[in-house]
Amino acid sequence: MSTEIRLSLLDPQGMKLEAFTPSGHSVIMDAAPEAGGRNEGPRPMEMLLVALAGCTAMDVLSILRKKRQPLEGFSMEVRGERASEHPKVYTDIDVLYVVKGNVDPQALVRAIELSVTKYCSVSAMLRKTARIRYRYRVEPTTPGAEPVEGEYGLEEAPASA
């Protein structure tokens, strides 16, 4: 399975780039001013975290819907720590899934597990260099119900660790 991305320089004096995907979409990337850019788009390393969040979110949402969970809202927070020396790869990543609704926490944990261990190729690639922590919070909509928080524990360390 092959994927071809086309990329064009938009600013001959700077670093602003436009990437075109096979699905017919484009994304603008740029560098910070101190690196020759104008800050007119996300950085490539930021896009890796966006890709991780999008990949696992789509998996988890699909699985929860198949399980007919009463999902009323969904958001994520993803934070990454990078190595101090070049290449400055991500070494630690924290993923937090926030689900609103009277969702069974065990159904959410299973959806996260399936995403992490079977479906999310971005997660599988990033785990080769980074420790990824997967946390979740269920915010029930039933009056008086308390939020449920937890962590999915993957017993796997990066190859370089």
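Trainee: What makes the contact between glutamate 77 and arginine 79 a salt bridge?

Mentor: Happy to start there. In this predicted model, the two side chains meet at 3.4 Å, N to O. The cut-off is within 4 Å, so glutamate 77 and arginine 79 form a salt bridge.

Trainee: Why is arginine 79 called exposed?

Mentor: Its relative accessibility is 51%, and exposed means over 50%. Glutamate 77, at 35%, counts as partly exposed.

Trainee: How do you know that arginine 133 and glutamate 151 form a salt bridge?

Mentor: Their closest N and O atoms are 3.2 Å apart, and the limit is 4 Å. Arginine 133 lies in strand 6 and glutamate 151 in strand 7, so this pair ties together parts that are 18 residues apart in sequence. Both residues also belong to a network of salt bridges with Asp94 and Arg135.

Trainee: Why is the pair of tyrosine 134 and tyrosine 152 called edge-to-face?

Mentor: There are 65 degrees between the planes, and over 60 counts as edge-to-face.

Trainee: What makes arginine 82 sit over the face of tyrosine 90?

Mentor: Arginine 82 is 5.8 Å from the ring centre, where the distance limit is within 6 Å. The charge must also be within 35 degrees of the ring normal, and arginine 82 does lie over the face.

Trainee: How do you know that the span of helix 1 agrees with its 23 residues?

Mentor: At 1.5 Å a residue, helix 1 should span 33 Å, and its end C-alpha atoms are 33 Å apart, so the two agree.

How values were computed
Residues are numbered from 1 along each chain as its sequence is written. This is a predicted model: local features need pLDDT of at least 70, side-chain atom pairs count only at pLDDT 80 or more; totals for chains, interfaces and linings use all residues. Side-chain values use heavy atoms; hydrogens and water are left out. Helices (H or I, at least four residues) and strands (E, at least two) are DSSP runs, numbered from the N terminus. The expected span of a helix is 1.5 Å times one less than its number of residues. Rings of Phe, Tyr and Trp (its six-membered ring) pair if their centres lie within 6.5 Å; planes under 30 degrees apart count as stacked, over 60 as edge-to-face and the rest as tilted. Buried means under 20% relative accessible area, exposed over 50%, partly exposed in between (1.4 Å probe, protein chains only).
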